[in-house]
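This report describes selected local features of one protein chain. It covers a loop residue, strand pairing, pockets and salt bridges.

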Amino acid sequence: MTRVTLRPLAEADRSRVREILSAPEVSRWWGDPDEETDGLLAEGEEQSYAIEYEGQTVGVIQSWEELTPRYRHAGIDLAVHPDHHGLGLGTEAVRILAQRLFDQGHHRITIDPAAANVRAIHVYEKLGFRRVGVLRDYEQGLDGTWHDGLLMDLLKGELR
Ligand SMILES: CC(C)(COP(=O)(O)OP(=O)(O)OC[C@H]1O[C@@H](n2cnc3c(N)ncnc32)[C@H](O)[C@@H]1OP(=O)(O)O)[C@@H](O)C(=O)NCCC(=O)NCCS
């Protein structure tokens, strides 16, 4: 049974989004909470959603689309507040959004966690994502150092 629902993020969610992204276990992987909050709430090509569980916003999830026909695919990123880690909610949220993107006609979804983010990688592999390869020095941390990313992808029919 699915316990999580996704609803579009709105400006009224700003303080809760910032709170989620400011938690050290999240900002470690997401970067500057103010910049990332602005990014999630900006009107742009990305679609951002609140992850709702038992009447509370417990996380955020975002999708973006590459619409060039020959390379058409979508990507996903998410964060769950540490108070709600380990309950299966992140897994459910990715499953819902991935299914929605496949239903909208996408055949391939990518995700690019930090190579050291073993919990996120475990969740994505559980859902059927496969490791494509290491993106060397892909992302800059809050301390200014560059670290590797892991490109993962999921094809239609592989979602578990
Ligand atoms: C990654 C994240 C979204 C997962 O959401 P979640 O709701 O905590 O995940 P779930 O409860 O659905 O699943 C957690 C799984 O990771 C496993 N896990 C927990 N810690 C782990 C670790 N250190 N190494 C490997 N697996 C780990 C759990 O056992 C569980 O797997 P299982 O169901 O097979 O037992 C969430 O932890 C998060 O927001 N982290 C901080 C931000 C982040 O890393 N975002 C992803 C950026 S790409």
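H84 sits in the loop that runs between β4 (73-80) and α4 (89-103). The model is predicted. With a relative accessible area of 11%, H84 falls under the 20% cut-off and is therefore buried. Apart from residues up to four places away in sequence, H84 touches Y53, Q56, V58 and L89.

**Strands.** Strand β2 (residues 47-53) is largely enclosed by the rest of the structure, because 6 of its 7 residues are buried. Strand β1 (residues 4-8) pairs with β2 in the antiparallel sense over 5 bridges. In this pairing, T5 stands opposite E52 of β2. β2 also pairs with strand β3 (residues 56-66), again in the antiparallel sense, over 7 bridges. Here Y49 stands opposite I61 of β3. The hairpin of β2 and β3 has 2 residues between the strands, and E54 takes a positive phi near 50 degrees there.

Strand β3 also holds S63. S63 has a relative accessibility of 3% and counts as buried. Leaving out neighbours within four places in sequence, S63 is in contact with E45, E46, Q47, Y49, G75, I76, L97 and L101.

The largest pocket has a volume of about 1000 Å³. It is lined by 50 residues, and those closest to its centre are W30, D77, L78, N117 and Y124. β4 provides the largest share of this lining, with 7 residues. By residue class, the lining of the largest pocket comprises 21 nonpolar, 17 polar and 12 charged residues.

The second largest pocket has a volume of about 190 Å³. Its lining consists of 15 residues, with L9, L40, A42, E46 and S48 nearest the centre. The elements giving two or more residues to this lining are α3 (33-41) and β2. The lining of the second largest pocket divides into 7 nonpolar, 5 polar and 3 charged residues.

**Salt bridges.** Side chains of opposite charge can pair when their charged atoms come close. Over the whole structure, 11 salt bridges are found.

| Salt bridge | N to O distance |
|---|---|
| R3 and E92 | 2.8 Å |
| D13 and R7 | 2.8 Å |
| E52 and R7 | 3.3 Å |

The salt bridge of R3 and E92 links distant parts of the chain: R3 belongs to the segment before β1 and E92 to helix α4, 89 residues apart. R3 is partly exposed, at 33% relative accessible area, whereas E92 counts as buried at 10% relative accessibility.

E52 lies in strand β2 and R7 in strand β1, so the pair ties together parts that are 45 residues apart in sequence. Salt bridges with shared partners join R7, D13 and E52 into one network. D13 is buried at 11%, and E52 is buried at 15%.

Notes. Residues numbered from 1 in each chain as written. Predicted model: local features only at pLDDT ≥ 70, side-chain atom pairs only at ≥ 80, totals over all residues. Heavy atoms only, no water. Helix = DSSP H or I, 4+ residues; strand = E, 2+ residues; numbered from the N terminus. Buried < 20%, exposed > 50% of the residue type's maximum accessible area, 1.4 Å probe, protein only. Contact = heavy atoms within 4.5 Å. Pairing = 2+ DSSP bridges. 1 Å grid on protein atoms, 1.4 Å probe; cavity = no way out; pocket = protein on both sides within 12 Å on 5 of 7 lines; lining within 4 Å. Points joined across faces, edges and corners; volume = space filled by probe spheres on them. Nonpolar A, V, L, I, M, F, W, Y, C, P; charged D, E, K, R; others polar. Salt bridge = Lys/Arg side-chain N within 4 Å of Asp/Glu carboxyl O.
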